[in-house]
Amino acid sequence: MTRLSQYLLPTEKEAPADAEAISHKLMVRAGLIRQIGAGIWTWLPAGWRVHQRAAAIIREELDAIGGQEMLMPVLQPAEVWRRTGRYGIDELFKLQDRKGADLVLAMTHEEAVTTHVAQVVRSYRDLPLILYHLQVKERDEPRPRAGVLRTREFIMKDSYTFDRDAAGLEERYELHVGAYDRIMQRTGLRWYRVESDVGMMGGSGAHEYMAPCAAGENDVVLSGDYAANIEVASAEPAAVTLPEAPEAPEAVSTPSLTTVRDVAAALGLSEGALLKAYPVIVEAGEESHMVLVLVRGDHQVNEVKLALALGAQSRPARAEEIEAQLGPPGFIGPVAVPEGIEILLDHAVASGPHGGYVTGAGRTDEHLRGVVPGRDFSFREADVRTVAAGDTIGGAPITIERAIEIGNIFKLGTRYSEPLGAKYLDEQGREQLIWMGSYGIGPARITAAAVEQFADEQGISWPRSLSPWGVHLVTLGKPGSPEREAAERLYETLLGGGVEVLYDDRELGPGEKFADAELLGCPLRLTVGRRSLESGEVEVQVRRGREQAPPLPLAAEPQELLAALDELWQGLP
RNA sequence: CGGGGCGUGGCGCAGUCUGGUAGCGCACUCGGUUUGGGUCCGAGAGGUCCCCGGUUCGAAUCCGGGCGCCCCGACCA
């Protein structure tokens with residue numbers, strides 16, 4: 001029963017005033033979703049159909065690699081989260097029951113699945129395993145945004161693999177790469193699989209699946225076969241010319257010039273001829289020490305790569321800390337830094353051209369020119385900068401594209417099997433830790449990304465694999481008119497042929513019906529009106545590009561009409 | 001966590017500065033009209049003006065407190 005006159009599809013002419021993202025505006029306008037709180041959304045019937053289609057594709061491909069679907073609870077005892085050290089996460093919703101016992105709302109399911117596997121798996125004969133579910137996740141996001149793109153409650157498919165060793169994990173990981181590639185391909189989205197940060201999840205390898213679109217929150221670096229999240233991307237820097245270095249650094253007066261831009265302008269140099277000094281504090285337990293990070297003046301420090309290079313998290317040093325150890329903020333540099341402050345020099349500088357850089361002098365209103373790394377200060381080298389437009393990889397320029405993360409795959413290793421005691425006995429009877437992987441993908445983000453990527457002025461344009469219905473049948477004419485009767489017969493024919501069809505049988509003018517159809521975005525619109533009925537045909541509009549396709553013969557045998565429709569369908573994006 | 005903005009029928013907004021019985025467009029109901037791109041005419045229904053407190057004869061409007069929502073940044077397991 002999908003007569004529009006009886007269906008809950010609350011379309012709106014105007015988008016919510018505060019909506020920015022295309023998918024946010026259009027999904028609300030098309031009657032797919034409604035908000036009930038910040039980052040808390042209801043999927044209305046038509047929207048849920050799309051979500052379910054994405055979920056079905058995911059299920060099929062997970063099943064195909066041997067995944068076993070199950071369902072784990074969202075409400076969980078705090079105890080297991082304490083054991084893995086994740087109870088303190090700010091995004092984790094915490095609550096108590098009437099007895100005062102601590103509970104959490106799960107934001108992911110490593111704790112639950114590993115707990116079960118730890119209890120149930122005893123032998124190497126029980127491995128490997130691929131377990132998955134589609135379940136609600138709860139995350140107390142600091143800032144939900146852009147409709148359904150970043151919410152506090154959302155459904156995720158998360159799968160978990162359990163193997164005897166690293167080699168097994170590698171196999172399970174590769175199976176997921178295949179499944180995820182096929183999922184992405186089937187959704188009809190434009191997508192990239194990129195190298196990514198292993199993050200605080202811990203682990204040894206990770207990829208993200210990214211769908212390029214304006215509302216995305218990530219930047220993807222691309223060049224030839226290379227694809228990486230900008231958080232981890234590396235590239236050769238654009239060239240910079242340096243002035244020849246004198247015998248020793250020379251002081252130069254730079255009154256009140258505290259920024260790279262101002263100093264470069266005053267000295268008539270490019271920003272790349274300066275060194276930017278970025279002091280950070282590394283806190284390890286009670287201990288804390290300062291590290292002075294140096295990047296080229298036109299480059300930015302990359303926090304993720306920095307953490308990797310330091311082997312620890314760090315924070316920018318506060319003004320008073322800088323003052324106490326290095327001198328006045330804005331004029332600090334690497335020459336003659338106190339004992340105990342390590343200097344971390346970015347690879348782009350260390351491997352760059354010879355010559356003299358300009359750095360702060362460590363004294364107010366003064367810089368040094370002709371500073372040569374290695375001669376004037378010693379350092380440790382690491383790649384800690386964010387790549388930028390103009391960089392190259394193997395001689396080819398990189399491009400940086402905005403994208404939304406719709407899936408990710410992680411090699412966890414023994415990060416969770418260890419605290420939760422997930423072990424097995426090998427052939428020799430020795431107890432071994434289970435090697436795990438974890439793999440997520442969000443149907444809601446697939447849905448929103450499809451809207452973002454293919455929408456036009458008129459509204460949504462679904463890829464056929466995700467569309468809530470294949471065919472949007474519009475009838476014109478008054479109730480009781482020949483057009484209406486012909487449309488009714490066509491509707492029955494389509495239903496009989498197994499076509500998923502939304503039938504707009506409302507008593508509205510043609511303008512409103514066409515506008516709604518294009519807003520909702522089903523791949524094909526069939527129109528039964530007086531004009532085409534005279535020639536015994538049904539008009540066909542292809543939503544993508546809004547092009548008229550050859551009309552279908554209305555008077556023909558049902559099989560003939562259905563076959564023609566199917567042929568048209570197979571050719572759609 | 002820092003910055004900015006907003007809360008008035010389902011949606012989009014005016015009214016707030018300068019206090020005086022709450023309005024517009026769309027949508028909705030009824031009657032008519034129209035039927036190939038959001039038709040037109042007429043008659044209606046629908047609102048704790050986010051909440052609490054204060055000032056005042058009188059508060060959507062002024063004052064105090066709270067809550068909610070959006071955007072930018074930080075963050076994002």
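The questions and answers below go through a predicted model of chain A and RNA strand B.

Residues count from 1 along each chain as its sequence is written, while chains are lettered from A and ligands numbered from 1 in the order in which they are written. Local features need pLDDT of at least 70 and side-chain atom pairs count only at pLDDT 80 or more, whereas totals for chains, interfaces and linings use all residues.

User: How many helices and strands are there in chain A?
Analyst: Both are DSSP runs numbered from the N terminus, with helices being H or I of at least four residues and strands E of at least two. The C-alpha trace of chain A spans about 95 × 65 × 50 Å along its principal axes. The count for chain A is 15 helices and 33 strands.

User: What percentage of the 573 residues in chain A is buried?
Analyst: A residue is buried if 20 or more other C-beta atoms lie within 10 Å of its own, exposed if 12 or fewer, and partly exposed in between, with C-beta atoms placed from the backbone. By that rule the buried part of chain A is 43%.

User: Of the contacts in chain A with a separation of 6 or more, what percentage joins residues 24 or more positions apart?
Analyst: Two residues are in contact if their C-beta atoms, placed from the backbone, lie within 7 Å. Among contacts in chain A with a separation of 6 or more, the part from residues 24 or more positions apart is 72%.

User: Which helix gives the most to the surface near RNA strand B?
Analyst: A residue is near a strand or molecule if its C-beta atom, placed from the backbone, lies within 6 Å of it. RNA strand B is surrounded by 41 residues, the closest being Ala17, Asp18, Ala38, Gly511 and Gly529. Helix 13 (510-520) and helix 14 (530-534) each supply at least two residues. The top contributor, with eight residues, is helix 13.

User: How many charged residues does the surface near RNA strand B have?
Analyst: Asp, Glu, Lys and Arg count as charged; Ala, Val, Leu, Ile, Met, Phe, Trp, Tyr, Cys and Pro as nonpolar; the others, Gly among them, as polar. The surface near RNA strand B has 14 nonpolar and 10 polar residues, and its charged residues number 17.

User: Is valine 474 buried or exposed?
Analyst: Valine 474 lies in strand 29 (residues 471-475). Leaving out residues up to four places away in sequence, it touches Asp504, Lys513, Phe514, Ala517, Arg525, Leu526 and Thr527. Because valine 474 has 25 C-beta neighbours inside 10 Å, it is buried.

User: How far apart in space are valine 474 and leucine 433?
Analyst: In sequence, valine 474 and leucine 433 are 41 residues apart. From C-alpha to C-alpha, their distance is 60 Å.

User: Why is helix 2 roughly antiparallel to helix 5?
Analyst: Axes are lines fitted to C-alpha atoms, for helices over the stretch in contact, and angles run from 0 to 180 degrees between N-to-C directions. Angles under 35 degrees count as roughly parallel, over 145 as roughly antiparallel, 65 to 115 as roughly perpendicular and the rest as oblique. The axes of helix 2 and helix 5 (residues 166-187) come within 9 Å, and they cross at roughly 150°. That angle makes the pair roughly antiparallel.

User: Which residues of helix 11 make the contact with helix 2?
Analyst: The axes of helix 2 (residues 45-64) and helix 11 (residues 443-454) come within 9 Å and cross at roughly 120°. Helix 2 brings Val50, His51, Ala54, Ala55 and Ile58, and helix 11 answers with Pro443, Ala444, Ile446 and Thr447.

User: How are helix 1 and helix 11 oriented to each other?
Analyst: Helix 1 (residues 22-29) packs on helix 11 at about 100°, with the axes 9 Å apart. Ile22, Ser23, Leu26 and Met27 of helix 1 meet Ala448, Val451 and Glu452 of helix 11. The two helices are therefore roughly perpendicular.

User: Which peptide bond to proline 128 is cis?
Analyst: Most peptide bonds are trans. Proline 128 sits in the loop between helix 4 (110-120) and strand 7 (129-138). With omega near 0°, the cis bond runs from leucine 127 to proline 128.

User: What is phi of alanine 146?
Analyst: Most residues other than glycine have a negative phi. Alanine 146 lies in the loop between strand 7 and strand 8 (153-163), and is buried, with 21 other C-beta atoms within 10 Å. Its phi is positive, near 55°.
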